[in-house]
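Student: I have a protein chain open on my screen and would like to learn how to read it. Can we go through it step by step?

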Amino acid sequence: PDNFLYDIGTMRLTALLDFDLSHIATFADEFLRSLGAGIGQLPSPQESGDFLTLRTAMLAGFPDQLPPSNGDVQWPSVKAWDDALRARDAKRPSTIEDIAALSDLFWLSGQILPFKLCNEVVVRNSSQEQLAARKKTGEGLLINFLSDYGY
């Protein structure tokens, strides 16, 4: 394999390299695309319920009294992740300048060319009804998003 480094002198694996999603990015990118939903990924601006509450907490700080955990957001884990980042003086959404605006633009770019309407395999394996429903849902989300910005 071409994706690891091996030290022949010690006969030890020294590194595992994974370049499949390599790109130049900002700190914000990790919180927009790489980390898992419900713990490290910043929820989109169009979320509701616990995910919208999580977005607010990640951007402005966690409340002293955490909401009860449910199937979507495990509040103690999310708070522990934020606390661990803070303890190591690592970047987190509340410390990244303009991440809310970046998040909005990231979300918008994903809606302009949505994966489930643009990926050949997904489209080929979807019925016309499924595609129409996805398109209608996407249009509604875009209308709501643009109206929030006064359009």
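Predicted model: local features only at pLDDT ≥ 70, side-chain atom pairs only at ≥ 80, totals over all residues.

Student: Is Met 11 buried or exposed?

Tutor: A residue counts as exposed when its relative accessible area is over 50%. Met 11 has a relative accessibility of 62%, so Met 11 is exposed.

Student: Where in the chain is Met 11 found, and what is its phi?

Tutor: Met 11 belongs to the loop between β1 and β2. Met 11 is a residue other than glycine, yet its phi is positive. The value is near 60°.

Student: Which loop holds Asp 89, and what is the phi of Asp 89?

Tutor: The loop between α3 and α4 holds Asp 89. Asp 89 counts as exposed, because its relative accessibility is 71%. Although Asp 89 is not a glycine, it has a positive phi of about 55°.

Student: Now the chain as a whole. What pattern does it follow along the sequence?

Tutor: The protein chain has seven helices and two strands. Read along the sequence, their pattern is β-β-α-α-α-α-α-α-α.

Student: Is the protein chain compact or spread out?

Tutor: For 151 residues the globule rule gives 15 Å, and the radius of gyration of the protein chain is 19 Å, well over that value. The C-alpha atoms fill a box of roughly 60 × 45 × 30 Å along the principal axes. The radius is the basis for the answer: the protein chain is more spread out than a compact globule.

Student: How much of the protein chain counts as buried?

Tutor: A residue counts as buried if its relative accessible area is under 20%. The accessible surface of the protein chain comes to about 10,700 Å², and 57% of that surface belongs to carbon and sulfur atoms. Of the 151 residues, the buried share is 23%.

Student: What share of the contacts between residues at least 6 apart in sequence joins residues at least 24 apart?

Tutor: Contact here means heavy atoms within 4.5 Å. Among the contacts in the protein chain between residues at least 6 apart, the share that joins residues at least 24 apart is 43%.

Student: How far apart do the centres of the positive and negative side chains lie?

Tutor: Lys and Arg count as positive, Asp and Glu as negative. The protein chain has 13 positive and 20 negative side chains. The centres of the two sets are separated by 2 Å.

Student: Is Asp 29 buried or exposed, and which residues does it contact beyond its neighbours within four places in sequence?

Tutor: Asp 29 is placed in helix α1, residues 27–34. Its relative accessibility is 8%, so Asp 29 counts as buried. With neighbours within four places in sequence left aside, the contacts of Asp 29 are His 23 and Ser 34.

Student: How is a pair of aromatic rings described, and how many such pairs are there here?

Tutor: The description uses the distance of the centres and the angle of the planes. The number of aromatic pairs is three.

Student: What kind of pair do Phe 62 and Trp 75 form?

Tutor: Planes over 60 degrees apart count as edge-to-face. The ring centres of Phe 62 and Trp 75 are 6.4 Å apart and the planes are at 75°, so this pair is edge-to-face.

Student: Where do the two residues of that pair lie in the chain?

Tutor: Both Phe 62 and Trp 75 are buried. They are 13 residues apart, and the pair links distant parts of the chain. Phe 62 is in the loop between α2 and α3, while Trp 75 is in helix α3.

Student: Which helices are linked by the pair of Trp 107 and Phe 145?

Tutor: Trp 107 and Phe 145 form a tilted pair, with 5.0 Å centre to centre and 35° between the planes. Trp 107 is buried because its relative accessible area is 10%, and Phe 145 is buried because its relative accessible area is 4%. The two residues are 38 residues apart, in helix α4 and helix α7.

Student: Which residues do ring pairs link into a cluster?

Tutor: The cluster is made through ring pairs, and its members are Trp 107, Phe 145 and Tyr 149.

Key: Residues numbered from 1 in each chain as written. Heavy atoms only, no water. Helix = DSSP H or I, 4+ residues; strand = E, 2+ residues; numbered from the N terminus. Rg over C-alpha atoms; globule rule 2.2 N^0.38 Å. Buried < 20%, exposed > 50% of the residue type's maximum accessible area, 1.4 Å probe, protein only. Areas by Shrake-Rupley, 256 points an atom, 1.4 Å probe, with all protein chains shown as cover. Charge placed at Lys NZ, Arg CZ, Asp CG, Glu CD. Phe/Tyr/Trp six-rings, centres within 6.5 Å; stacked < 30°, edge-to-face > 60°.
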